[in-house]
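Please read these points with the model open beside you.

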Amino acid sequence: MTSRSRSASHSAPHPAPRTVLVVGASIAGPTLAYWLHRSGFAVTVVEKAHAPRGGGYPIDVRGTALDVVRRMGVLPRLRAAHVDTGRFTFLDADGGEIVSLHPSAVARSVEGQGLEVARGDLTAALYATVRDDVELRFDDHVTALDEHQHGVDVTFRSGARRTFDLVVGADGVHSGTRALAFGPEDRFHRYLGYAFAVFTMPNTLGLTHELMMWSAPGRAAALYATGGADDAVHAFLNFHRPALPSHALRDPDAQRDLVTSAYAGAGRQVAGIVDAMHEADDLFFDTAGQIRMPRWSSGRVALVGDAAFAPSFLTGQGSSLALVGAYMLARSLAEHRSHVAAFAAYERDTREFVTKNQALVADGGARLFPTTAEALERRNTMLRALVAMPGTTPEPAHSELVLPEPAAPWPGRGGKPHLTRR
Ligand SMILES: Cc1cc2nc3c(=O)[nH]c(=O)nc-3n(C[C@H](O)[C@H](O)[C@H](O)COP(=O)(O)OP(=O)(O)OC[C@H]3O[C@@H](n4cnc5c(N)ncnc54)[C@H](O)[C@@H]3O)c2cc1C
């Protein structure tokens with residue numbers, strides 16, 4: 001354990017790299033670990049799962065976040081894993097086609113400039129950049145944080161006890177680190193009125209590299225084929241619920257019941273998707289919500305990614321915010337000796353970007369999932385208009401933040417931040 005005052009001056013010699021515990025090894029966690037390691041920090045990553053979590057639905061990396069993965073040297077690997085989706089087809093509740101268009105028009109990203117990759121591929125690529133350089137503790141999690149003047153005493157579920165200079169929670173929307181250091185989730189979670197189920201199912205419609213979405217007021221069903229006709233498809237059921245369905249959050253049987261009742265009377269194809277959910281062994285259920293916090297740090301504990309500022313899938317920006325937030329936090333910690341100054345700089349330089357992207361849900365994401373017949377008709381009119389447009393206007397919020405260069409390390413701490421890999 002190093003002992004260092006919070007207000008150590010920039011010019012004072014520093015005895016050793018600071019130790020940082022990063023909680024979570026998905027997207028924000030490995031990104032933060034990578035940049036901290038490059039700046040000379042000794043990093044430990046703890047992940048609840050027994051390995052980096054693979055699989056999952058396709059996610060977007062775009063705007064400023066592309067610069068983060070480019071600087072980490074993983075862009076070529078991600079381009080190779082790019083899910084090349086040819087079209088999105090929107091259907092009415094009975095399967096009648098409303099419109100078919102290129103995905104970039106819906107996402108408001110620029111064709112050829114954004115990336116869409118399976119979530120597991122992104123995690124694997126990021127994890128590969130740190131696995132040889134940081135200490136990894138899988139199949140474990142934090143049960144207690146005890147902060148004192150010189151660090152944070154951490155107790156792990158495995159029984160281990162360690163002291164770190166700093167702890168960063170990158171453990172997702174239901175962050176345990178946030179609960180320990182900031183209080184219960186309901187203080188920070190803003191429910192957006194939808195619940196959803198994601199799972200894989202057989203490709204009964206023989207879809208190839210395309211997404212199909214059936215919509216009725218207040219409920220939508222989608223099949224996403226990221227491969228060919230012989231590959232399984234990602235199913236997605238998203239439905240409106242004015243009140244948070246708290247009873248279903250931790251009960252898979254209640255989740256299946258809730259979804260089944262939400263889709264009662266659905267057309268044949270959608271009913272088939274609901275039936276397939278009952279056979280799925282990888283059902284993921286959650287509600288659409290954002291995490292909004294007045295501060296992203298408390299003492300020596302900070303949060304990043306969904307744990308601090310989940311924007312919800314309705315914005316399609318969760319992974320991009322996680323990548324950019326992790327870079328900005330690591331940069332601030334590399335630049336400032338005092339973690340207080342570093343955490344303040346992280347918030348000052350990142351919050352506006354986060355706020356603008358979270359605000360996309362007001363006029364962006366949710367418009368794809370209208371809750372009334374009138375709003376659905378307006379959405380369909382909007383989608384038809386997109387087809388007639390000659391080019392896509394990129395969403396400015398995606399690139400709102402211009403990524404600063406990596407910070408120079410403090411004298412004597414080592415690190416190699418001057419090398420920007422492109
Ligand atoms: C249906 C759906 C569609 C989405 N679509 C998109 C999209 O198109 N574009 C996009 O950018 N984003 C999308 N997202 C969101 C995206 O997946 C997240 O925003 C992003 O993964 C955030 O990364 P993160 O690293 O902050 O958190 P997470 O990916 O949630 O990772 C948290 C990690 O911490 C681990 N963990 C949790 N608790 C603990 C603990 N107590 N101790 C140790 N480890 C712990 C978890 O196992 C996990 O590995 C979507 C999400 C959903 C659900």
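1. A term first: a crossing of two helices is right-handed if the near helix is turned clockwise from the far one by less than a right angle, and left-handed if anticlockwise. The model discussed here is a predicted one. In it, helix H1 passes helix H10 in a right-handed crossing.

2. Next, the salt bridges. The whole structure holds 13 of them. One joins the side chains of arginine 70 and aspartate 67, with an N to O distance of 2.4 Å. Both residues belong to helix H2 (residues 64-71), where they are three residues apart, so about one helical turn separates them. Arginine 70 is partly exposed, at 26% relative accessibility, and aspartate 67 is also partly exposed, with a relative accessible area of 26%.

3. Another salt bridge pairs glutamate 405 with arginine 71, and their closest N and O atoms are 3.5 Å apart. Arginine 71 is in helix H2, while glutamate 405 is in the segment after helix H13 (373-388), so this pair ties together parts that are 334 residues apart in sequence. Are the two partners buried or exposed? Arginine 71 is buried, with a relative accessible area of 5%. Glutamate 405 is partly exposed, with 41%.

4. Arginine 384 and glutamate 377 also meet through their side chains in a salt bridge, at 3.7 Å from N to O. Arginine 384 has a relative accessible area of 39%, so it counts as partly exposed. Glutamate 377 is partly exposed as well, with a value of 42%.

5. Which residues are linked in a network of salt bridges? They are Glu352, Lys356 and Glu400.

Methods
Residues numbered from 1 in each chain as written. Predicted model: local features only at pLDDT ≥ 70, side-chain atom pairs only at ≥ 80, totals over all residues. Heavy atoms only, no water. Helix = DSSP H or I, 4+ residues; strand = E, 2+ residues; numbered from the N terminus. Salt bridge = Lys/Arg side-chain N within 4 Å of Asp/Glu carboxyl O. Buried < 20%, exposed > 50% of the residue type's maximum accessible area, 1.4 Å probe, protein only.
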